[in-house]
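Thanks, everyone, for making time this morning. Let me put the model up on the screen, and then I will talk you through one residue before moving to the whole chain.

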Amino acid sequence: MLKAMGTKIIVERVEQEQTSAAGIVLTNMQDPNPLARVISIGSQVKIDVCVGDRCSISWNNTAPQPYNGKTYYVVDETGVFAVEKDNE
């Protein structure tokens, strides 16, 4: 399991289904600003984010981290723009 250190947050990319105006599900659409799901939070992170939350992040400031056949991304807490809480 990956563990974030310091002010870092580990996320995975969330693929979102997109639907046309007619209700057709569009596949293989490249979303320029995909959401991320929080996997691990460093002990010095001060923002209100929890494992499982979805967030909007600065993808340009992430470091890809391959692990067990998947790619996760490491981002500093300052690279998180917005958080969608699962329990609210």
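I will begin with Pro64, which touches Thr71, Tyr72 and Tyr73 when residues up to four places away in sequence are not counted, a contact being heavy atoms within 4.5 Å. Before going on, please keep in mind that this is a predicted model, in which local features need pLDDT of at least 70 and side-chain atom pairs count only at pLDDT 80 or more, while totals for chains, interfaces and linings use all residues. Residues are numbered from 1 along each chain as its sequence is written, and side-chain values use heavy atoms, with hydrogens and water left out.

Pro64 sits in strand β6, residues 63-67, and is exposed, with a relative accessible area of 54%; here exposed means over 50%, buried under 20% and partly exposed in between, with a 1.4 Å probe and protein chains only.

Of the 88 residues, 34% count as buried.

Finally, the cysteines: Cys55 is buried at a relative accessible area of 2%, whereas Cys50 is partly exposed at 36%. The structure holds zero disulfides, a disulfide being a pair of cysteine sulfur atoms within 2.5 Å.

Notes
Helices (H or I, at least four residues) and strands (E, at least two) are DSSP runs, numbered from the N terminus.
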